[in-house]
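Thanks for coming. Please bring up the model, and we will walk through it.

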Amino acid sequence: KFKAIVLDEVDSTNSEAERLIANGENTPFVVISRLQTIGRGRLGRAWHSPQNGNLYASFGFRPQISPTQMSLFTLWMGINICECINSICRVNCQVKWPNDLHIEGKKVAGILTEARMEADQVLSAVLGLGLNVNSDGSDWPEELKQIATSLRQSSGQSFDINKLVSAITGRIAIAYKQLADGSHRAALKERWPRYDTLAGKSIRLIQGDSRISGVASGIDNSGALIIEKEDGSRFLARAGEVTIEK
Ligand code: BTN
């Protein structure tokens, strides 16, 4: 069972979850806040987090997994969150490797997983979810309007944040059990193609200073993105950012 901690305001639910874990809070739990003052995105970016009916939540775990399994952890949680959103909101949410959720090519959510590791063991993991729910996008900068969406914009409906959080939490609880008993591996392999928004697309991977172009061709058993390059060779991407070539 997940304990839920509900806040009006916090710097970042991920930071709060990390503090709770450091202070010995039992896991799993979920921290939700109506707004964040220092919401964090991937790659050191900020995650704009006003109080406008969007969802900011972080799930805290002490998973019995090794550091190499962390990317599978995020992908597995990602498809489960998609499935939950799709069934409630009647949208077609997919995962853009490694951890964005997209609806019809536009980003509806971002996932930020942060883990504390020691030797070959993950001590704790925090999965942060920023989901655009009821925002109509009118307060977004122009460049964001082109690439982002909300559940309301994609479905034409508004949603109760609390109901959404409890459904997603229930789903994550089930997914976490499957992770513990190892059944997520086969399930991810089987279900990934349905949620893979990059499959078969020409993409470019940006990894620091290097650029790799090719066709996205699913994931391997460790969760790395398979890129088929023009010269016929395969590149396995374990990190980086992907853009779809038009
Ligand atoms: C990304 O796409 O860059 C990931 C964004 C993750 C944002 C969420 S909002 C809740 C949690 N707390 C944070 O500070 N970040 C994550």
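Start with the open sheet of five strands, in the order β11-β10-β9-β8-β12, with antiparallel pairing. The edge strands are β11 (234-237) and β12 (241-244), and each pairs on one side only. Neighbouring strands here are turned by 45° against each other on average, direction ignored. For those angles, axes are lines fitted to C-alpha atoms, for helices over the stretch in contact, and angles run from 0 to 180 degrees between N-to-C directions. Two strands pair if DSSP finds at least two bridges between them. Helices (H or I, at least four residues) and strands (E, at least two) are DSSP runs, numbered from the N terminus.

Zoom in on one pair. β10 (residues 225-228) joins β11 in the antiparallel sense over four bridges. There, I227 stands opposite F235 of β11.

Some ground rules. This is a predicted model: local features need pLDDT of at least 70, side-chain atom pairs count only at pLDDT 80 or more, and totals for chains, interfaces and linings use all residues. Residues are numbered from 1 along each chain as its sequence is written.

Next, helix α5, residues 161-181. How far apart are its end C-alpha atoms? They are 30 Å apart, which agrees with the 30 Å that 21 residues should span at 1.5 Å a residue. The expected span is 1.5 Å times one less than the number of residues.

Which residues of α5 are buried? L164, V165, I168, I172, A175, Y176 and L179. They cover an arc of only 110° around the axis, so they sit on the same side of α5. That arc is taken over the directions from the helix axis to the C-beta atoms. Buried means 20 or more other C-beta atoms within 10 Å of a residue's own; exposed means 12 or fewer; partly exposed is in between; C-beta atoms are placed from the backbone.

The buried residues of α5 pack against β2, β3 (55-61), α2 (70-89) and α6 (184-195). The face turned away from the buried side carries exposed residues N162, K163, G170, I174, K177 and D181. After α5 comes G182, with a positive phi near 85°.

Most residues other than glycine have a negative phi, and most peptide bonds are trans. E104 has a positive phi near 45°. E104 lies in the loop between β5 and β6 (106-118), and it counts as exposed because it has 12 C-beta neighbours inside 10 Å. A119 also has a positive phi, about 50°. A119 is in the loop between β6 and β7 (121-131), and its 7 C-beta neighbours inside 10 Å make it exposed.

There are cis peptide bonds too. One joins T27 and P28, with omega about -5°. Another joins W97 and P98, with omega about 0°. P28 is in the loop between α1 (13-22) and β2 (29-36). P98 is in the loop between β4 (93-96) and β5 (100-103).

Last, the annotation. An unreviewed UniProt entry lists S12, T13, N14, Q36, R40, G41, R42 and K107 under "binding site". UniProt positions are given in the numbering used here, feature names are shortened, and annotations may be inferred rather than shown by experiment.

Take S12, in the loop between β1 (3-10) and α1. Is S12 buried or exposed? Buried, because it has 23 C-beta neighbours inside 10 Å. Leaving aside neighbours within four places in sequence, S12 is in contact with Q36, I38, G39 and R40. Contact means C-beta atoms, placed from the backbone, within 7 Å.

Definitions and conventions. Contact = placed C-beta atoms within 7 Å.
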